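Please read them with the structure open.

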Amino acid sequence: MQDIINSISTYGYIVLFFYSLGGGMVALIAAGILSFAGKMDITLSIIVAAVANTIGDTLIFYVARFNKSSLMPYVKNHKRKLAYAGILAKKHGDKIIFIKKFIYGVKTLVPIALGLTKYSFYKFSVINLISSVLWAVIVGLASYKAGDYFMSVSNYLGEHGYIMPLAMVGLLLGIWLFLQHITKRRKA
């Protein structure tokens, strides 16, 4: 167990950085909890997650804007979700860049959708930077403040190991059903 804790202390920020390039919510929550436990530093975790998230979304936008041909094979099965992200962007404007940080399933699709349009790269970069910092501060501090609760839940789940797999299956099924519902074709 001590080896795992030492590995987390040593490589936790590197894992947080790479995980936050594509999303990072779970890694940032884990970093907040580990910071509460004294294994990581919350300020450094927030900075690492914000920087990585900014870089990741900017790269996705850039690739969608300037290298569409190499990106399209990866998103061909997600055209309806990509269209939904485009609709969200038109409906909510610049706010969607911030809002999407908290929505699993469209987090990567919004920069792609905006990159495929004539949306300003500079404007996206500035809003994305501000949104990434706000996202990292909100999620990082919330998970740090809730660290005691998470630790007690973790202890409870450790004693009742059958609950977590059921909860994860239910969560993933719920997310899948929600995404299927919002991207389903509607009869006109």
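1. A cut-off comes before the rest: a residue counts as exposed when its relative accessible area is over 50%, as buried under 20%, and as partly exposed in between. Phe 66 has 53% relative accessibility, so it falls in the exposed class. Tyr 62, at 43%, is partly exposed. Please keep in mind that this is a predicted model.

2. Phe 61, Tyr 62, Phe 66, Phe 121 and Phe 124 make up one aromatic cluster. Phe 124 turns up again in the next point, on the nonpolar core.

3. The largest nonpolar core contains 19 residues. Those with the most contacts inside it are Leu 82, Ile 96, Ile 97, Ile 112, Leu 114, Tyr 119 and Phe 124. At least two residues come from each of α3, α4 (68-75), α5 (79-92), α6 (95-99), α7 (109-116) and α8 (121-145). Helix α7 gives the largest share, five residues. There is also a second, separate core of 14 residues, with Ala 27, Leu 28, Ala 49 and Ala 136 among them.

4. Leu 82 deserves a look of its own. Leaving aside residues up to four places away in sequence, Leu 82 touches Val 75, Leu 109, Ile 112, Ala 113 and Leu 116.

5. Is Asp 57 buried or exposed? Its relative accessible area is 0%, so Asp 57 is buried. The residue lies in helix α3. Setting aside residues up to four places away in sequence, Asp 57 touches Leu 21, Lys 100, Lys 101, Lys 107, Pro 111, Phe 124 and Asn 128. Two of these lysines return in the next point.

6. The model has three salt bridges. One joins Asp 57 to Lys 100, with the closest N and O atoms 2.3 Å apart. Asp 57 is in helix α3 and Lys 100 is in the loop between α6 and α7, so this bridge ties together parts that lie 43 residues apart in sequence. Lys 100 is buried, at 0% relative accessible area. Another bridge runs between Asp 57 and Lys 101, at 2.7 Å from N to O. That pair also links distant parts of the chain: helix α3 with the loop between α6 and α7, 44 residues apart. Lys 101 is buried too, with a relative accessible area of 5%.

7. A further salt bridge brings together the side chains of Lys 123 and Asp 94, at 3.2 Å from N to O. Lys 123 lies in helix α8 and Asp 94 in the loop between α5 and α6, so the pair connects parts 29 residues apart in sequence. Lys 123 is partly exposed at 37%. Asp 94 is partly exposed at 31%. Shared partners join Asp 57, Lys 100 and Lys 101 into one salt-bridge network.

Note on methods. Residues are numbered from 1 along each chain as its sequence is written. This is a predicted model: local features need pLDDT of at least 70, side-chain atom pairs count only at pLDDT 80 or more; totals for chains, interfaces and linings use all residues. Side-chain values use heavy atoms; hydrogens and water are left out. Buried means under 20% relative accessible area, exposed over 50%, partly exposed in between (1.4 Å probe, protein chains only). Rings of Phe, Tyr and Trp (its six-membered ring) pair if their centres lie within 6.5 Å; planes under 30 degrees apart count as stacked, over 60 as edge-to-face and the rest as tilted. A nonpolar core is a set of buried Ala, Val, Leu, Ile, Met, Phe, Trp, Tyr and Cys residues joined through side-chain atoms within 4.5 Å. Helices (H or I, at least four residues) and strands (E, at least two) are DSSP runs, numbered from the N terminus. Contact means heavy atoms within 4.5 Å. A salt bridge is a side-chain nitrogen of Lys or Arg within 4 Å of a carboxyl oxygen of Asp or Glu.
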